[in-house]
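Hello,

Here is the structure I promised to pass on to you. Please open it next to this message, and then read on for what turned up.

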Amino acid sequence: MAEKGKLYGIGVGPGDTELLTLKAARILKTVPVVFTPKSAKEKESIALSIVRPVLEERKDYKRLMLVTPIFPMIEDKEELEKIWTSASEMIAQYLDSGRDVAFITLGDPSVFSTYSYLQKKLKGKYEIETVPGITSFTACAAARNEALVEQNDVLTVVPKIDDRLEQILEYSDSVVLMKASRNTSQLEQIIEEKERPKDIYSVQNCTRENEKVIEGFSNEKPYLTTTIIKFKDD
Ligand SMILES: C[S@@+](CC[C@H](N)C(=O)[O-])C[C@H]1O[C@@H](n2cnc3c(N)ncnc32)[C@H](O)[C@@H]1O
């Protein structure tokens, strides 16, 4: 029986291919199978668009196996569980046949990534290596040439409004609002109403060709939008 393959979970950074790590590029130049997740059939895989120039440099590019599982943006936990199980089974088939698999993921694999759910299902059964990538929110601060946190600042990362927000805002110095396309005007209002002096900016499509840095919250919210709030108390 063939020796099992190894799974690489690769963070591909926020958008600019030059922000891929050397390690990610090295693995992507040799691995026989690359999983390139996307959110809908008619959409492109953003992660694939980032690594495509590296893959296209491969002499064996035409023989490279690209697998594109679809992970719809839904919140139904049962449905998601089924989708993650089926995707992890697909990865397992390649690993069982002795082929190494790279699963590419936007930004860093440890920050709100589908890879983490699949990885949990395969842990213990296969060799796994997770390769970190530049996360979007540090890239967003860099787009403004600003620090995200300094000295004793406390950083909070918020994916969605919930009833902890009021309290969190009291104790955070910098707040990163991810998945901003889901943020409601209610959340924006809660933040605006805080009496602490603050600087708010949003970055759309950070490090991609169509990057936009906007003061305050952004009215249009493409999927790749992150808002940063820096409280300035002194
Ligand atoms: C599912 S999360 C993935 C986060 C990713 N693992 C990371 O480390 O950045 C998707 C959210 O990340 C943020 N994001 C990812 N890439 C971005 C970019 N290039 N510009 C702005 N925000 C981005 C947005 O808030 C987006 O809704």
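This is a predicted model: local features need pLDDT of at least 70, side-chain atom pairs count only at pLDDT 80 or more; totals for chains, interfaces and linings use all residues.

S8 and S10 are antiparallel and share seven bridges.

Put together, these strands belong to an open, mixed sheet of five, in the order S6-S7-S10-S8-S9. Strand S6 (155–158) and strand S9 (212–215) form its edges, each with pairing on one side only. From one strand to the next, the twist averages 20°. Helix H5 (residues 136–143) packs on this sheet and touches S6, S7, strand S8 (198–204), S9 and strand S10 (225–231). The direction of H5 makes about 65° with that of S10.

Is S10 largely enclosed or open? Six of its seven residues are buried, so S10 is largely enclosed by the rest of the structure.

Now for the overall layout. The chain is divided into domain 1 (6–131) and domain 2 (136–231), and their centres, taken over C-alpha atoms, are 27 Å apart. Where the two meet, six residues of domain 1 are in contact with eight residues of domain 2. On the domain 1 side, three of the touching residues are nonpolar, two are polar and one is charged.

As for the interior, nonpolar side chains tend to be buried together in soluble globular proteins. The largest nonpolar core here has 27 residues, and those touching the most other members are Ile10, Val12, Val101, Ala102, Phe103 and Ile104. The elements giving two or more residues to this core include strand S1 (6–11), helix H3 (77–96) and strand S4 (101–105). Apart from this core lies another one of 18 residues, including Met178, Cys206, Ile228 and Ile229.

Leaving aside residues up to four places away in sequence, Val101 touches Gly5, Leu7, Val31, Val33, Phe35, Ile91, Tyr94 and Leu95.

Notes
Residues are numbered from 1 along each chain as its sequence is written. A nonpolar core is a set of buried Ala, Val, Leu, Ile, Met, Phe, Trp, Tyr and Cys residues joined through C-beta atoms within 7 Å. A residue is buried if 20 or more other C-beta atoms lie within 10 Å of its own, exposed if 12 or fewer, and partly exposed in between; C-beta atoms are placed from the backbone. Helices (H or I, at least four residues) and strands (E, at least two) are DSSP runs, numbered from the N terminus. Two residues are in contact if their C-beta atoms, placed from the backbone, lie within 7 Å. Two strands pair if DSSP finds at least two bridges between them. Axes are lines fitted to C-alpha atoms, for helices over the stretch in contact, and angles run from 0 to 180 degrees between N-to-C directions. Domain bounds come from an automatic or database domain assignment. Ala, Val, Leu, Ile, Met, Phe, Trp, Tyr, Cys and Pro count as nonpolar, Asp, Glu, Lys and Arg as charged, and the others, Gly among them, as polar.
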